[in-house]
Amino acid sequence: MRDFDEPDEGELSVSAPKTWATGAPAVVHALKYALGQTSPKRTALTLLNINQAKGFDCPGCAWPEPAPGQRHRNEYCENGAKHISDEATSRRVTADFFRQHSVDELSRRSDYWLNQQGRLTEPMVLREGATHYEPIGWDEALDLLAGELRALDHPDEALFYTSGRLANEPAFLLQLFARAFGTNNLPDCSNMCHESSGSALGETLGVGKGSVSLDDLYDSDLVFVVGQNPGTNHPRMLSALEETKRRGGQVVAVNPLPEAGLLRFKHPQKARGVIGRGTDIADQFLQIRPGGDLALFQALNLLLLEAEDKEPGTVLDREFIEAHTTGYDDFAERLRATTSWDAVLQATGLSRDEIEQVHERVLNSRSVIVCWAMGLTQHKHGVPTIREVVNFLLLRGNIGRPGAGVCPVRGHSNVQGDRTMGIWERVPQAFMDRLGKEFRFTPPTRHGLDSVDSIRAMRDGRAKLFVGVAGNFVRATPDSDATERALRNCRLTAHISTKLNRSHAVCGRTALILPTLGRSDRDVQAGGEQFMTVEDSMSEVHATRGRLAPASEHLLSEVSIITRLARRVLGSRPGIPWADFEADYDLVRDRIAQVVEGFQDFNERVRQPGGFRLPNPVNERVFRTPSGKAVFTVNDFTMLEAPKGHLVLQTLRSHDQWNTVPYAMDDRYRGIKGGRRVVLVNPADVAGLGLAEGGLVDLVSIWSDGSERRAEGFRLVGYPTPPGSAAAYYPETNVLVPLDSVADISNTPTSKAVIVRLERAEEHVTV
């Protein structure tokens, strides 16, 4: 067995950031990674089937595909190719591997090393007091897990966590099992990323999802891309923005860092992207200070109100406001009375001229879309910020019509679909009523625990059993030390996974690894070959069919694992046909059609090429709020300030990273090679702090309760960040974010707003 070396952070080199993204280098890097993971034949089979109508959905981001007749034969990006190659790898983790590596050793390995070992191949158990995992048969493993679940004093002592990799059918079955068992403890990865979006949109528009389609994006006059980096996190969005530009639309990028993909995009499937200059994406780039987006949109809204004052009836959509909204007068009065331009400019780091240029673009645009990601959501004031974005769109009627609307860009393949299927600790009562009626039981009414509250519950002994379905809970959550202590406090931890990650080395008294099929693996059950479905960021639901031979004969599908566990735990109560569901996923979809709104005739509609789009009442200007109207909100001005000698740190991904897993130690677009423990700081701040570029520093976060947290050994890299700010990669910096530092209302960790000071480390290395 090959033992992959740990990366050497001492080999770090730094060059100037790139001013464009993708092009031929992206193709070369993707193929190099793919061929390093598996054979040329398997690589070709994988890449030719990804994101195709009869193939499998990329398990990476949730960006939608064009209609089947319009999508490219190679409908994937560099990171998508790496992600699926990572899953389709020929490397295997067998029982021999676990005999050679103790859990303690695995806990000291890097995320990169753990992921590079390959696919898990058989169930493993870590028995109480043992130092190594050992093989266990499926029946014994599921009996063990079922026995521990039945032995709990109350169903709320169990937690069922999911990531967005889970497809619709197993997600529906998981929430059905949890609720039939008696708990709503269904935390998920949305709690850490887009919970603020759902909270804000649900309150103001009545639906916690985006309202736009790809066609809307193409035809929009003006698209804001706020707090996100498409070039790394969802590169196929750049193709859509290129089409926006081709049709005459404009793009405004708002971000603390100058991201290469938003500067210029070289489409690798077009001649101009390979040998030409490519397309300039952003017509205007606002380099905003972290957390300044609320102030920016308040300023834009004030400018719109003032423009309407000067020319009544020509700026705001008065007809829309009067017919379809509530709260306008309070919103306008408060905004006029409290907005200070001095405060806005200080909070944003922008000039008034820059903001007024954007205002002019808005006035000259008939349709506007605002897209955003975690740069908006992971702040204490994340929900008010998104509510202010909604205010901005409501003022000119940019909701519920073509080319306009809200576009939260989800970062994981089926994270939106999981929510639609009921993976939510606070699912609406109407869903619960339909679920109970369909399966003849009474679901629990008490709200469950989200991800942050789940950690607190494990820490305090209120939750004793953790089941993780996909994902890497330990590295996705904040406050790494607290999370690990919490999981180790459990009676049993179990992870349904495709690959090894750090969560497998942070164990309860007993631990299980239950290996499952990947998105690209063929799934054959008693009823024949099966397919599953996913929902993307724009509410398109379509089929996904694995094409590769499974990594091991011992793997079970997630549907099989969940249904077999449910039969052991619940027996014949209630009358749910678990065995039938395992044999034929069509039967699961038939029941989804009865429970989940918008899924009528599910089996028939999803078999059509490209699937179907779920209806969003917002697009009919129907708002499911208590008033039946869209809601203008009053949002208090907030400014993030760091004490003297401190910086505001945002955590982010490197380019060669997907969620918590790095595929390499490089960040090509930012000019970083051979290391991840780096902190990017404006050169003026480096000098002002009396430090030197290339020096080794510790990051020390400070909090209002007087506590401090430390992440050691980061190389200082001069970088064009806004003055007073810094950036570093997660999950290495998750340790800096306390469990209790969360967004108001949504309880999302504040990973984009960490106040830090930089302390010299003992070693000093020149880059």
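Predicted model: local features only at pLDDT ≥ 70, side-chain atom pairs only at ≥ 80, totals over all residues.
View 1. Because its relative accessibility is 0%, and buried means under 20%, Ile 386 counts as buried. Leaving aside residues up to four places away in sequence, Ile 386 touches Ser 196, Ser 197, Ala 200, Leu 201, Trp 372, Leu 376 and Thr 377. Arg 165 stands 221 residues apart from Ile 386 along the chain, and the C-alpha atoms of these two residues are separated by 26 Å.

**View 2. The contacts of Phe 160.** When residues up to four places away in sequence are not counted, Phe 160 touches Leu 149, Leu 174, Phe 177, Ala 178, Phe 181, Thr 183, Asn 185, Leu 186, Pro 187 and Val 467.

**View 3. Glu 732 in a loop between two strands.** Glu 732 is found in the loop that runs between β32 (725–729) and β33 (754–764). Is this residue, Glu 732, buried or exposed? Its relative accessibility is 14%, and since buried means under 20%, Glu 732 counts as buried. The side chain of Glu 732 makes a polar contact, at 2.7 Å, with the side chain of Arg 676. Not counting residues up to four places away in sequence, the residues that Glu 732 touches are Arg 475, Arg 676, Arg 677, Ala 711 and Phe 714.

**View 4. The largest pocket.** The volume of the largest pocket is about 1000 Å³. Its lining is made up of 34 residues, of which Val 207, Gly 208, Lys 209, Trp 424 and Pro 428 are the closest to its centre. At least two residues of the lining of the largest pocket come from each of the helices α9 (195–205), α22 (415–420) and α23 (429–439), and α9 gives the most, with five residues. Divided by class, the lining of the largest pocket has twelve nonpolar, 13 polar and nine charged residues.

**View 5. The second largest pocket.** The second largest pocket holds about 850 Å³ of space. It is lined by 32 residues, and those nearest its centre are Tyr 112, Tyr 663, Ala 664, Met 665 and Asp 666. Two or more lining residues are given by each of β1 (13–14), α1 (24–37), α6 (111–116) and β28 (672–673), with α1 giving the most, six residues. The lining of the second largest pocket divides into ten nonpolar, eight polar and 14 charged residues.

**View 6. The second largest cavity.** Rolling a probe the size of a water molecule over the atoms shows where empty space is left. The count comes to eight cavities of 30 Å³ or more, and the second largest cavity has about 150 Å³ of space. This second largest cavity is lined by 16 residues, and the closest to its centre are Gly 518, Arg 519, Asp 521, Asp 523 and Met 532. By class, four nonpolar, six polar and six charged residues form the lining of the second largest cavity.

Definitions and conventions: Residues numbered from 1 in each chain as written. Heavy atoms only, no water. Contact = heavy atoms within 4.5 Å. Helix = DSSP H or I, 4+ residues; strand = E, 2+ residues; numbered from the N terminus. Buried < 20%, exposed > 50% of the residue type's maximum accessible area, 1.4 Å probe, protein only. Polar contact = N/O pair within 3.5 Å; in protein donor to acceptor, adjacent residues only side chain to side chain. 1 Å grid on protein atoms, 1.4 Å probe; cavity = no way out; pocket = protein on both sides within 12 Å on 5 of 7 lines; lining within 4 Å. Points joined across faces, edges and corners; volume = space filled by probe spheres on them. Nonpolar A, V, L, I, M, F, W, Y, C, P; charged D, E, K, R; others polar.
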